[in-house]
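Please find below a colleague's note, prepared for a reader who is new to this structure. It should be read alongside the sequence and the model.

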Amino acid sequence: MKWMKNRALRCGIALWMPLVMASSTVDAHGDHPPNAQSAPIRHSMSDRDWAALFDEKTPLADRQHALAAIEQSPDTLDPQTLYMLGSIYHMGKHAPGSPVQEDAQKAMLYLSNAAIRGSVLAMAKMAEIKLAAGQYREAMNWAQIYGHYASIAQKKSDVQDSYTAELLYRAKQGLNDSDIDAIMKDVRSFVFAYDSTIRAGIASDDRVLHLKPRSRGHYFQPAINHERQVNSGMADYVLTFAADGSVSKAQLLDAEPLPDTGTNLLHAAQQMTVDPASDNAPRYAWVPMLLSDMRYHLNKDAR
């Protein structure tokens with residue numbers, strides 16, 4: 001792909017919610033997630049189940065047991081479950097209440113398998129992980145793959161376009177122009193090998209949008225340390241919504257390229273809302289976000 005530097009057209013940081021997937025499951029008997037150990041293990045965990053793994057009111061041993069059961073289940077093959085597991089192990093104890101320590105090998109195993117099964121966000125995370133490790137060629141491979149499938153999976157947006165361009169730009173900094181032909185050969189080989197599986201995974205995502213969290217605005221201006229440039233990145237949260245539709249808890253699951261990316265996006269996550277409910281049962285939604293300062297955009301003729 002080609003990229004270009006573009007002057008920032010907006011003040012602040014742009015947010016894009018590429019997927020806002022939510023479950024309709026609610027806890028009708030309390031204001032916090034149910035005991036993680038008692039949560040049923042099934043194909044495609046609900047957002048309520050993921051929230052339970054971070055509920056510090058439940059003993060850590062019980063939550064670790066529940067997570068192990070998820071990992072050992074023969075149903076743990078769908079891309080969303082693999083993506084969530086990879087995210088949890090990537091962030092480790094950087095996420096408040098996490099039941100596990102950081103494990104880079106497990107994170108990459110789950111995320112790479114999620115990617116070839118149709119998780120487009122897993123492709124971006126693999127690029128971010130490889131970048132953090134200084135593995136620029138592998139990072140560029142995954143960045144190119146992400147750029148190829150992102151517009152297929154979701155309606156294209158300015159922030160998606162900008163994040164993709166910035167991801168490519170960061171990967172390019174550790175490469176020579178002579179590396180690109182070999183990288184593109186690798187990318188084409190990957191697409192040839194996995195395209196049908198990836199597209200089938202994208203098309204078969206049958207989760208129902210019972211909740212539709214919405215942002216009060218796509219742009220905001222957080223407090224920024226001006227000695228450091230704002231970076232592009234991504235973060236995942238499980239949001240708990242109160243009866244009035246406001247967020248009662250924003251649980252950070254993962255953030256790239258640095259843990260403080262999740263802190264930068266936290267305020268925006270906390271400002272999201274859903275429609276009010278007729279009872280006090282909490283509702284849950286997994287919300288991934290992309291962060292971009294809109295400095296870079298793909299050329300229209302990008303390939």
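1. Basis of the note. This is a predicted model, in which local features need pLDDT of at least 70, side-chain atom pairs count only at pLDDT 80 or more, and totals for chains, interfaces and linings use all residues. Residues are numbered from 1 along each chain as its sequence is written, and side-chain values use heavy atoms, with hydrogens and water left out.

2. Overall make-up. The protein has nine helices and eight strands; helices (H or I, at least four residues) and strands (E, at least two) are DSSP runs, numbered from the N terminus. Of its 303 residues, 53% count as buried, where buried means under 20% relative accessible area, exposed over 50%, and partly exposed in between (1.4 Å probe, protein chains only). The accessible surface comes to about 14200 Å², and carbon and sulfur atoms hold 51% of that area; the areas come from the Shrake-Rupley method with a 1.4 Å probe, and for residues only the protein chains shown count as cover.

3. Contacts along the chain. Among contacts in the protein with a separation of 6 or more, 76% are between residues 24 or more positions apart. Contact here means heavy atoms within 4.5 Å.

4. The nonpolar core. In soluble globular proteins, nonpolar side chains tend to be buried together. A nonpolar core is defined as a set of buried Ala, Val, Leu, Ile, Met, Phe, Trp, Tyr and Cys residues joined through side-chain atoms within 4.5 Å. The largest one in this model has 77 residues, and Trp50, Tyr83 and Tyr146 have the most contacts inside it. Its largest share, nine residues, comes from α5. With neighbours within four places in sequence left aside, Tyr83 is in contact with residues including Leu121, Ala122, Lys125, Met234 and Trp286.

5. Helix α5. How many of the 13 residues of α5 are buried? The count is 12, so the helix is largely enclosed by the rest of the structure.

6. The ends of α5. At its start, a side-chain oxygen of Ser119 reaches to within 3.2 Å of the backbone nitrogen of Ala122. Just after the helix, Gly134 takes a positive phi of about 75°.

7. Helix α2. This helix (residues 60–72) has 13 residues and reaches 18 Å from its first C-alpha to its last, close to the expected 18 Å. Its buried residues are Asp62, Arg63, Ala66, Leu67, Ile70 and Glu71. What covers them includes α1 (47–52), α3 (79–91) and α4 (104–116).

8. Aromatic pairs. The structure holds five aromatic pairs. Rings of Phe, Tyr and Trp (its six-membered ring) pair if their centres lie within 6.5 Å; planes under 30 degrees apart count as stacked, over 60 as edge-to-face and the rest as tilted. Trp142 and Phe190 form an edge-to-face pair, 5.4 Å centre to centre with 70° between the planes. Trp142 lies in helix α6 (residues 136–153) and Phe190 in helix α8 (residues 180–203), so this pair ties together parts that are 48 residues apart in sequence.

9. Trp142 is buried at 12% relative accessibility and Phe190 is buried at 14%, whereas Tyr194 is partly exposed at 32%.

10. Loop residues. Pro257 is found in the loop between β6 (247–256) and α9 (259–270), and the peptide bond from Glu256 to Pro257 is cis, with omega near 0°. Met272 lies in the loop between α9 and β7 (283–292) and is buried at 1% relative accessibility. Gly174, in the loop between α7 (158–172) and α8, is partly exposed with a relative accessible area of 40%. The C-alpha atoms of Gly174 and Tyr136 are separated by 5.6 Å, although the residues are 38 apart along the chain.

Methods. Polar contact = N/O pair within 3.5 Å; in protein donor to acceptor, adjacent residues only side chain to side chain. Expected span 1.5 Å × (residues − 1).
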